[in-house]
Amino acid sequence: MPSPRFAKSCAGLLALLLLLALAPTLAVHAATAPTTPTSANTADSTASLYRTPAPALVALVDAPPTPGVRLDPRREWMLLLDLPSLPPIAELAERELRLGGLRIRPRSHGPSRAGFATGLRLLRLSDLAERKIVGLPDGARIENVHFSPDGARFAFTNTGAEGIELWVAEVATGQAHRLGSAQTLRLNLSAGTSPQWLREGSLVATLLVADQGPEPAAPAVPAGPVLQENRGKMAPARTYQDLLKSAYDEALFEYYLTSQVARIAPDGQVTPLGRPGLVASVSPSPDGRNLLVETLHKPFSYLVPANRFPHRSEVWDLEGHVVRTVADLPLQEEIPITFGSVGTGPRDLSWREDAPATLAWVEALDGGDAGREAKERDRVLTLAAPFQGDPTPLVTLGFRFEGVNWGDDGLALVSERWWKTRRTRTWIVRPGAGEKSKPELLFDRSFEDRYSDPGEPLTVANAWGRVVIQTAEGGRTIFLAGLGASTEGDRPFLDALDLATKKPRRLFRSEAPWFEDPTQLLDAAGRYVLVRREAVEEPPNWFVRDLKTGKLRQLTHFPHPTPQLLGIHKELLRYARTDGVQLTGTLYTPAGWKPADGPLPLVMWAYPQEFKSASAAGQVTSSPYRFARASWSSPLVWLTQGYAVLDNPSLPIVGEGDKEPNDTYVDQLVASAKAAVDEVVKRGVADPRRIAIGGHSYGAFTTANLLAHSDLFAAGIAESGAYNRTLTPFGFQSEERDFWHASDIYMKMSPFLYADKVHRPLLLVHGQADNNPGTDPIQSDRFYNALKGNGATVRLVVLPFESHGYRARESALHLLWESSSWLDTYVKNRPGETKDAAAGKPGAKP
C-alpha cells in the first residue's frame, strides 16, 4: 500500500498532467532576454502556462462591469443589463467555424464571441421603482434585446445548452417566459440576424430548418485541388480574414447559414414563411405588414467576405410570398480599393422609419468608382407599398451617401461625405415631395474638424416604435447633441436648431469639473433630458436634467468599479511639434505622487491618426473631466504599479494639398513622439531613460516603427500589429494606394524591413485567431524571426483562441503578467547602458 505522502505526490502529478493536457498552451518565444520572463533563446515550452500578475492587476481584471442601459419607446422605463466579467478560456476553446468573414458557434447556430448579459432589471424613471425580471433560466446568456413598439414588453434571446431560445418579458409584471420549446422553436442566428417585432405582439425570426440533417462530413481524402482563376479583370481586395478556402468550407457555409424565416405568435406558435435559404437579414416594415428579406447565393468567393457574395433583396408579405424583387446583385470582387468606392446596383436597402411601408435605397451614378471624375455620385430612391412601378428619386448627391435620419413627409436629413477632401454635407429633404422639392443645404464642413461638429439629431420613437427625428414648434425646430470639442477639451452640448434660419440656440453645455452628455429628451417640449454624467473620480451615472431650472435627479448609483485608483491625478497636456502642429495627450500620475518625489517611469500608449489639415490635426481630442476608467486593457492599470501614464498622445500624420499623409509618416511620427517625451520630461514627471511605448493594432505598428527609427524609448509593447506592409498590398488603415503605386511608402513604413535597427527590447503579443484585416498572426511571427535573427531583445506571446481583441480571463491575466515583467525589467529597473548598447550594436545589453 503506498504511503499517504506518495499518494499525495501522485495525485499532484496527475493533476498537473491533466492541466497540461486540457489547458491551451501559450506559444511563448524569447530571444536574448537575460533576466525575466525567460532566459531562453528559443520557444519557452516549460513556461508556457498561464501566469497571474500582481494582486492589484488581478483586481482590475475582475472589476465588475458597469451595467448596460436601454430606454423603452415610451421613455418611461430604463432597462439595466447586468454584464459578466471576462469568460474563461474554455469558452473560447469551443469549436468555432470561420467562414466567409463570419465566426459561428456550431453548437448554438449563432455568432461566436458575442457579448451577453446575465440579468435584467427595470427602473421606472418617474419614481425610481425597480423591477427585477424574473423567470430567467439559470446561467442566462441574454442577447438581442428589443422592446415592442408599444413598450409593453421586450424580446430577447438566450443561448442555452440546446441552442438559441426566444424569450419575452412583460414590463408590467417583470415576468419572462420562453416562446416555444427546443422541439418547436430554435433560432438560427449564424448570419447575425436577430428577432424583430411585428404588429399585435408577434415577432419574425430565422429558425433552424426542420429535418436539415447532420453537418456535412469533412472529406477524408480531397477530391482534387483548390482552384481559383482570374481572366484579365482587376479585382483588388484588402487582406480579409476568415475567408472560404475550399469546397468543404462552402458546404459548411451553406449548411449553417440556411435558415427558415418564420412568424412567431405571442403564444409561441410558429408559422414558416417562404422557403429556407441563406438568409442574411430580415427587416419588417414599420407597419408590420411586409418584410425586407436579403438572401445570399452562389457563386461564393475565396477573396472577399460574405457581405460581397451575390445577394437578392426581396419584399415579402406576411404569408411569405415575394411581392417584389428589388435587386439581385452579382458577386462583388471588383470594387476598386479607392476610398469611397462601392458596388453597383441598389445598396443600403432599408425602410423609411417614418412611413408605414416605404423602401429606400441608394444607387451609384459613377459606376461605384470613387477614382473616376463625376459630378454626381449617388442617388437616393424610395418605393412605397404596394411596391409597383418605378422608384421615386429623393435626392441626388455629389459625394458618397453616408446616412439618413427620417422625420416625416416634410423632413429628412441626408448626409454625404467625400474622403479625398474630408468634406461632409447634410441636406434637408422633404420625402413627401420627392425630387420635386429642392434639397436645402444644412451643414457643409470638414469631418476632420471636430470643433465645427454641429452634433447629431436627437430622436424619438413613433407609433410604430421606430426612431425618427424629434421636432418641436410644428416641425420647425430639431434638437442636436454633440461632444462639443473645443480648445478646452470636449464639452457636450444640446442645441435647438431652427430649420428655417439654420441658427442654433444653446440649451445646455457641460461645465467643469463634470463631463455631462445629453442623450435623450424625455418630453415633447424638450424640457427634460436624460444625461450621462461623470467626473475624473465619479463613474458614469444616469440623471434627468431639468433644462429650465437646471436641477438634476439621479437615476442610477453605479459604484466606482476600481476604487483602488481613487486619488490619481489626471491632466490634459498641450504642447507643440517642431513644425508647429499643436498636440495633446492625457497625463496620469499615481495617487499621492508629487513632483518633489522625483520623476517616474512612464508608459506611453499611442495610436496615430491621419489628417489632410494641420489645423484639424492640432485640435484637442479629449476631456480633462472624463472618468478615469481602467479596464484591464487600459494603460491606466500601470498606475497601480508605480508608473505614470501618457494616454493617447497626439501622433498626427498630416498630408496637406496634393500630399498624402503617409508620404512623410516616419518623420512625423518620430517628431510627435519626441515632442511628447520632451513635454513629460520637462514637467518632471518622467525619467527620460525609463519611458516605454506601447499600442494595440495600428498602435503596435506605431510602437515598432518608433523603436526602429528613434532611441526615445527604453522598451516597447506591441499587441496584434502588422509590421510588413507588403503583406497588405491593397491598402491599410487610411492608405488607399496599393503597393505597386506607392512601393516606396510601403517599404519605408514597414518596421519589418528595419528589424536590424531595433535595439530596445520589444514584447510582441498576438491573438492566435486574429480576424482583423491586415493583422494576421504571421505578421508578429515573421517580425519576431527577423528581430531574433538580428540579435534584438524580443519576446513573442501568442494567446490561444484569441482574436484581435482579447476576451478570456486567463489571457488578460497572462498578458498583464508578461507586460508587467517586461516593463519592470526593461523600464522601471532599467540597467545602465553599455557602450555597445548606446552605439546600437546587436546583442548588447540595453
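**Close-up views of a predicted protein chain**

**View 1. Glu456 and the residues it touches.** Once neighbours within four places in sequence are set aside, Glu456 is in contact with Phe479, Leu480 and Ala481; contact here means heavy atoms within 4.5 Å. Glu456 sits in strand 29 (residues 456–457). Helices (H or I, at least four residues) and strands (E, at least two) are DSSP runs, numbered from the N terminus. Is Glu456 buried or exposed? Glu456 counts as exposed, because its relative accessibility is 52%. The cut-offs are under 20% relative accessible area for buried, over 50% for exposed, and partly exposed in between (1.4 Å probe, protein chains only). As for Leu816, 360 residues apart from Glu456 along the chain, the two C-alpha atoms are separated by 38 Å.

A word on the model before moving on: this is a predicted model, where local features need pLDDT of at least 70 and side-chain atom pairs count only at pLDDT 80 or more, while totals for chains, interfaces and linings use all residues. Numbering runs from 1 along each chain as its sequence is written, and side-chain values use heavy atoms, with hydrogens and water left out.

**View 2. The whole chain, for orientation.** The protein chain has eleven helices and 49 strands. Its C-alpha atoms fill a box of roughly 80 × 75 × 65 Å along the principal axes. The radius of gyration is 28 Å, which agrees with the value near 28 Å for a compact globule of 846 residues; that radius is taken over C-alpha atoms, and the globule rule is 2.2 Å times the number of residues to the power 0.38. Buried residues make up 54% of the 846. Of the contacts with a separation of 6 or more, 59% are between residues 24 or more positions apart.

**View 3. Helix 4 and its cover.** Which residues of helix 4 (residues 247–257) are buried? They are Asp249, Glu250, Leu252, Phe253, Tyr255, Tyr256 and Leu257. The cover over these buried residues includes strand 4 (97–99), strand 5 (102–105), strand 15 (258–264), strand 17 (277–284) and strand 18 (290–296).

**View 4. The hairpin of strands 25 and 26.** Strand 25 (residues 400–408) and strand 26 (residues 411–418) run antiparallel and are joined by seven bridges. Two strands pair if DSSP finds at least two bridges between them. The hairpin passes from strand 25 to strand 26 through two residues. For a landmark, look for Trp406, whose bridge partner in strand 26 is Ala412.

View 5. Going from Lys298 to Pro299, the peptide bond is cis, with omega near 5 degrees. Pro299 belongs to the loop between strand 18 and strand 19 (311–317). Another cis bond runs from Ala385 to Pro386, where omega is near 15 degrees. You'll find Pro386 in the loop between strand 23 (378–384) and strand 24 (392–397).

View 6. Asn144 is not a glycine, yet its phi is positive, at about 55 degrees. This residue lies in strand 9 (residues 142–147). Asn144 is partly exposed, because its relative accessible area is 26%. Asp348, also a residue other than glycine, has a positive phi near 50 degrees. With 47% relative accessibility, Asp348 counts as partly exposed.
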